[in-house]
Amino acid sequence: MNQFAGPQAIAFVEKNCIKVATDESGWDILYKEKSSNKYWELTYPNSEMHGGGEPLVSLLSLEDVKLKFNV
């Protein structure tokens, strides 16, 4: 699976990942999965909603990680 949304997204990163970085806006957070070393991004794509709406965790390529988070 390449994405998780809502409470499942938060549960996934809390159980399986380590926080690595936050983007310049402070809203998007980069996580690294402990077991696979894959990178995941936590975002709130419905920013017009109260609190940014439901969280979304998406798998990122290494290239995207370098471009967005300078890691």
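Where is Thr43 found? Thr43 is found in strand S4, where strands (E, at least two residues) and helices (H or I, at least four) are DSSP runs numbered from the N terminus.

All the views below show a predicted model, in which local features need pLDDT of at least 70 and side-chain atom pairs count only at pLDDT 80 or more, while totals for chains, interfaces and linings use all residues. Residues are numbered from 1 along each chain as its sequence is written, and side-chain values use heavy atoms, with hydrogens and water left out.

View 1. Thr43 is buried, with a relative accessible area of 14%; buried means under 20% relative accessible area, exposed over 50%, and partly exposed in between, for a 1.4 Å probe and protein chains only. Leaving aside neighbours within four places in sequence, Thr43 is in contact with Asp28, Glu54, Pro55 and Leu56, contact being heavy atoms within 4.5 Å.

**View 2. The open sheet of 5 strands.** The strands follow the order S1-S5-S4-S3-S2 with antiparallel pairing, and two strands count as paired if DSSP finds at least two bridges between them. Strand S1 (3-5) and strand S2 (17-22) are the edge strands, each pairing on one side only. On average, neighbouring strands of this sheet are turned by 25 degrees against each other, direction ignored; axes are lines fitted to C-alpha atoms, for helices over the stretch in contact, and angles run from 0 to 180 degrees between N-to-C directions. Helix H1 packs on the sheet, touching S1, S2, S3, S4 and strand S5 (56-60), and the direction of H1 makes about 120 degrees with that of S1.

View 3. S5 is mostly covered, since 4 of its 5 residues are buried.

**View 4. The largest nonpolar core, with 10 residues.** This core consists of Phe4, Ala9, Phe12, Val13, Cys17, Ile29, Tyr31, Trp40, Leu42 and Val57; a nonpolar core is a set of buried Ala, Val, Leu, Ile, Met, Phe, Trp, Tyr and Cys residues joined through side-chain atoms within 4.5 Å. The elements that give two or more residues to this core are helix H1 (7-16), strand S3 (29-33) and strand S4 (39-43), and H1 gives the most, with 3 residues. Not counting residues up to four places away in sequence, Leu42 touches Ile10, Trp27, Asp28, Ile29, Tyr31, Pro55, Leu56 and Val57. A second, separate core of 6 residues includes Ala21, Leu30, Val65 and Phe69.

**View 5. Two of the aromatic pairs, Phe12 with Trp40 and Trp27 with Tyr44.** The count comes to 4 aromatic pairs, where rings of Phe, Tyr and Trp (its six-membered ring) pair if their centres lie within 6.5 Å, and planes under 30 degrees apart count as stacked, over 60 as edge-to-face and the rest as tilted. Phe12 and Trp40 form an edge-to-face pair, 4.9 Å centre to centre with 65 degrees between the planes. Phe12 lies in helix H1 and Trp40 in strand S4, so this pair ties together parts that are 28 residues apart in sequence. Both Phe12 and Trp40 are buried. Trp27 and Tyr44 also form an edge-to-face pair, 5.8 Å centre to centre with 70 degrees between the planes. Because Trp27 lies in the loop between S2 and S3 and Tyr44 in the loop between S4 and S5, the pair ties together parts that are 17 residues apart in sequence. Trp27 counts as partly exposed at 48% relative accessibility, and Tyr44 is partly exposed with a relative accessible area of 25%.

**View 6. A network of salt bridges linking Asp28, Glu41 and Lys68.** A salt bridge is a side-chain nitrogen of Lys or Arg within 4 Å of a carboxyl oxygen of Asp or Glu, and a search of the whole structure finds 2 of them. The side chains of Asp28 and Lys68 meet at 2.5 Å, N to O, linking the loop between S2 and S3, which holds Asp28, with helix H2 (residues 62-69), which holds Lys68, 40 residues apart. Lys68 and Glu41 meet through their side chains at 2.4 Å, N to O. Lys68 lies in helix H2 and Glu41 in strand S4, so the pair ties together parts that are 27 residues apart in sequence. Asp28 counts as buried at 15% relative accessibility, as does Glu41 at 9%, whereas Lys68 is partly exposed, with a relative accessible area of 36%.
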